[in-house]
Amino acid sequence: MKILYVSMHEVLEYEEILLLKELGHEVFSLGFSSTEAGRAYRPNLFNHQNDSNITKKWEELQINPASYGPGFYHYVKLTKDFVDNFDVIIVMHSSTFIETNWDVMKHKTVIWRTIGQSLETSENIMAPYRAQGMKIIRYSPKEREIPGFIGEDGLIRFYKDENQYGNWNGQKSQVITFSRIMMYADRYRHYTFFEETTRPFQRALFGLDSEKVGSWGKGMVPFEQLKQELCDNRVYFYTGTWPASYTLNFIEAWMTGIPIVAIGPSLGNLKHHGSNYNLYEIPSLIEHGKTGFFSDNPLELQDYIRNLFQSTALSQQISSEARKKAISIFGKNVALRAWNDFLNNEL
């Protein structure tokens with residue numbers, strides 16, 4: 001099967017393309033990893049564009065992603081001649097791309113692949129295309145609670161290769177998290193709550209612009225160091241990213257086995273944009289006290305962190321159970337089977 005993959009998230013793009021190719025499909029991606037700019041978080045995938053004829057047709061469109069910057073996929077105008085090279089078009093989140101290109105691709109199988117950024121407005125925009133046959137793959141069952149939910153044809157979670165994550169040792173008595181522009185997106189990523197709750201402990205914040213918080217902000221780190229930090233540190237503090245039900249950094253931490261303390265359902269489902277959304281899934285994923293901890297109370301979260309620092313036995317127990325649970329939900333083989341079943345049986 002020939003698949004056109006339209007990306008808006010470099011890490012997710014990297015992992016899903018590799019998985020789809022492992023299933024034997026040819027994949028051509030319009031996204032971060034197919035440009036010179038798209039190498040910040042994972043190795044470049046440009047060399048995976050393996051059909052020279054399609055590459056030539058893409059070049060003939062004279063679309064330069066670098067001239068658009070991040071998010072160019074929203075505005076690209078394709079031609080029917082280009083689209084006819086593919087059997088399936090998977091569009092990651094972007095309703096704008098589907099609106100812009102629907103007339104030249106509606107005769108193909110078009111899949112809207114959600115990634116935890118959908119709101120009632122997204123459902124309303126996509127409803128006419130759903131009525132015309134657009135397929136939908138959801139990333140979390142929590143999305144069924146979005147007002148105006150327009151249905152789904154499948155549920156396929158994000159995944160991580162469990163062979164790349166693990167061997168947690170927790171030798172550093174430090175609490176860490178990874179988050180992009182956390183200070184500037186405080187309303188959605190709870191920087192203030194994180195900073196105040198972790199203040200009594202040795203801590204480190206990783207991610208874009210995190211160095212601006214001071215000496216405990218470590219900035220961007222290479223992929224291999226990211227995995228090592230998850231292995232070496234004692235506790236991971238998860239603050240979510242509204243409106244996502246869960247994020248890739250949660251899966252990476254959980255699968256590594258670093259014990260997680262997370263914000264609870266009240267903070268995770270704060271009212272935004274005039275609506276109440278019950279999208280935060282972590283309290284449903286974590287079995288409190290067995291595969292991690294969560295609370296909306298900063299003093300309770302501090303107690304969990306303190307206990308994990310003080311008790312190696314507790315930390316090891318949580319680590320072992322968390323990793324097993326993470327693999328059962330987010331493991332690579334789970335995603336392989338789900339994509340294979342959908343592409344072979346549902347289309």
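Against which elements do the buried residues of α5 pack? The model is predicted, with local features requiring pLDDT of at least 70 and side-chain atom pairs counted only at pLDDT 80 or more, while totals for chains, interfaces and linings use all residues. Numbering starts from 1 along each chain as its sequence is written, and side-chain values rest on heavy atoms, with hydrogens and water left out.

The protein as a whole comes first. Its secondary structure comes to 15 helices and 12 strands; helices (H or I, at least four residues) and strands (E, at least two) are DSSP runs, numbered from the N terminus. Of the 347 residues, 57% are buried, where buried means under 20% relative accessible area, exposed means over 50%, and partly exposed lies in between (1.4 Å probe, protein chains only). The exposed surface comes to about 14400 Å², with carbon and sulfur atoms supplying 47% of it; accessible areas come from the Shrake-Rupley method with a 1.4 Å probe, and for residues only the protein chains shown count as cover. Among contacts (heavy atoms within 4.5 Å) with a separation of 6 or more, 68% link residues 24 or more positions apart.

Six strands form an open sheet in the order β2-β1-β3-β4-β5-β6, with parallel pairing. β2 (26–30) and β6 (154–155) stand at its edges with a single partner strand each, so one side of each has no neighbour in the sheet. Two strands are taken to pair if DSSP finds at least two bridges between them. Strand β4 (residues 109–113) and strand β5 (residues 135–138) are joined in the parallel sense by three bridges, and here tryptophan 112 stands opposite isoleucine 136 in β5. Helix α1 (residues 10–22) lies across β1 (2–6), β2, β3 (88–92) and β4, and runs at about 175 degrees to β1. Such angles run from 0 to 180 degrees between N-to-C directions, and the axes are lines fitted to C-alpha atoms, for helices over the stretch in contact.

Helix α5 (residues 95–105) has Ser95, Phe97, Ile98, Asn101, Trp102, Val104 and Met105 as its buried residues. Seen down the axis of α5, these fall within an arc of 165 degrees, so they line one face of the helix; the arc is that of the directions from the helix axis to the C-beta atoms. The buried residues of α5 pack against β1, β2, α4 (80–83), β3, β4 and α6 (120–131), which answers the opening question. In the loop between β3 and α5 lies histidine 93, whose phi is near 70 degrees, a positive value in a residue other than glycine. Histidine 93 is buried, at a relative accessible area of 17%.

Helix α4 also holds lysine 80, which is partly exposed with a relative accessible area of 45%. Not counting residues up to four places away in sequence, lysine 80 touches Val104 and His107. Its C-alpha atom is separated by 6.7 Å from that of methionine 105, 25 residues apart along the chain. The side chain of lysine 80 also makes a polar contact with the side chain of aspartate 84, at 2.8 Å. A polar contact is a pair of N or O atoms within 3.5 Å; within protein, one must be able to donate a hydrogen and the other to accept it, and residues adjacent in sequence count only if both atoms are side-chain atoms.

Another open sheet of six strands has the order β9-β8-β7-β10-β11-β12, and its pairing is parallel. At its edges stand β9 (217–219) and β12 (293–295), each with a single partner strand, so one side of each is left without a neighbour in the sheet. From one strand to the next, the twist averages 25 degrees. Strand β8 (residues 203–206) pairs with β9 in the parallel sense over two bridges, and leucine 205 has glycine 217 as its bridge partner in β9.

Some individual residues complete the picture. Proline 243, in the loop between β10 (233–238) and α10, is joined to tryptophan 242 by a cis peptide bond with omega of about 10 degrees. Threonine 256 lies in helix α10 (residues 248–256) and is buried, with a relative accessible area of 2%. A polar atom of its side chain lies 2.7 Å from the backbone oxygen of glutamate 252.
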